[in-house]
Amino acid sequence: MSLCRLVYKSKTSWDILSNQLLAQLAERSEENNRMLDITGLLILSDETFLQVLEGPDDAVNELYARIVSNPLHREVTLLSYGQVPARNFEDWSMRIVDLNNLTMNPRELFRKKYEDREGYIQVPHDALGAMSLLFDARALCLAESGA
Ligand SMILES: Cc1cc2nc3c(=O)[nH]c(=O)nc-3n(C[C@H](O)[C@H](O)[C@H](O)COP(=O)(O)O)c2cc1C
């Protein structure tokens with residue numbers, strides 16, 4: 001089976017997004033992704049989504065097409081896509097990390113490392129920077145779960 005990793009970012013807006021919508025998205029996606037053998041992480045920071053999806057080629061491609069056409073976001077930009085020998089985000093079929101609601105300590109750490117605009121951490125524009133943010137979010141989730 002050929003494994004791939006896909007990373008994209010997109011824009012959303014406070015007008016359409018609510019905590020309830022996000023919770024629904026997480027629940028539905030977790031179920032879907034588990035069935036599709038897809039793992040990954042979805043960051044929300046300021047009004048930007050950044051998501052990494054890992055799994056079988058066909059499943060990731062089909063899911064990405066469904067994600068792109070979702071009206072909850074726009075300007076979906078593919079940052080990286082390629083075959084990988086192993087997963088880096090194997091811990092969750094879907095996990096949302098809301099960087100707008102961080103507690104004090106991690107917030108300060110993220111603000112030191114990434115651009116901060118009026119208190120909101122900015123998702124880097126480049127693929128490497130985005131990957132670094134995804135790894136930091138992963139580390140935060142693992143630390144929170146006591147791993
Ligand atoms: C930012 C964002 C990330 C999403 N991530 C996933 C995901 O990881 N898995 C998933 O099944 N749906 C995800 N969705 C929802 C899909 O766009 C789609 O609504 C869902 O897969 C159900 O598709 P269906 O109604 O065609 O069955 C995401 C939507 C958005 C806006």
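## The ligand shell

By class, the shell around the ligand holds seven nonpolar, six polar and one charged residues. Here Ala, Val, Leu, Ile, Met, Phe, Trp, Tyr, Cys and Pro count as nonpolar, Asp, Glu, Lys and Arg as charged, and the others, Gly among them, as polar. The model is predicted: local features need pLDDT of at least 70, side-chain atom pairs count only at pLDDT 80 or more, and totals for chains, interfaces and linings use all residues. Residues are numbered from 1 along each chain as its sequence is written.

Of the 14 residues around the ligand, S29, N32, F49, N70 and L72 come nearest. A residue is near a molecule if its C-beta atom, placed from the backbone, lies within 6 Å of it. α1 (19–36), β3 (48–56) and α2 (57–68) each give at least two residues to the shell. The largest share, four residues, is from α1.

## Overall fold

The protein chain has four helices and seven strands. These are DSSP runs, numbered from the N terminus: helices are H or I with at least four residues, strands E with at least two. Along the sequence the pattern is β-α-β-β-α-β-β-α-β-β-α.

The C-alpha atoms fill a box of roughly 45 × 35 × 30 Å, taken along the principal axes. Of the contacts with a separation of 6 or more, 76% join residues 24 or more positions apart. Contact means C-beta atoms, placed from the backbone, within 7 Å.

Buried residues make up 25% of the 147 residues in the protein chain. A residue is buried if 20 or more other C-beta atoms lie within 10 Å of its own, with C-beta atoms placed from the backbone.

The largest nonpolar core has 23 residues, of which L41, I43, L50, A130, L133 and L134 touch the most other members. Such a core is a set of buried Ala, Val, Leu, Ile, Met, Phe, Trp, Tyr and Cys residues joined through C-beta atoms within 7 Å. β1 (3–11), β2 (39–45), β3 and α4 (127–144) each supply at least two residues of this core. Beyond four places in sequence, the residues that L41 touches include V52, F89, W92 and L134.

Just after α1, D37 takes a positive phi of about 60 degrees. I38 counts as buried because it has 22 C-beta neighbours inside 10 Å. Leaving aside neighbours within four places in sequence, its contacts include N33, L53, A59 and S93.

Methods: A residue is buried if 20 or more other C-beta atoms lie within 10 Å of its own, exposed if 12 or fewer, and partly exposed in between; C-beta atoms are placed from the backbone. Two residues are in contact if their C-beta atoms, placed from the backbone, lie within 7 Å.
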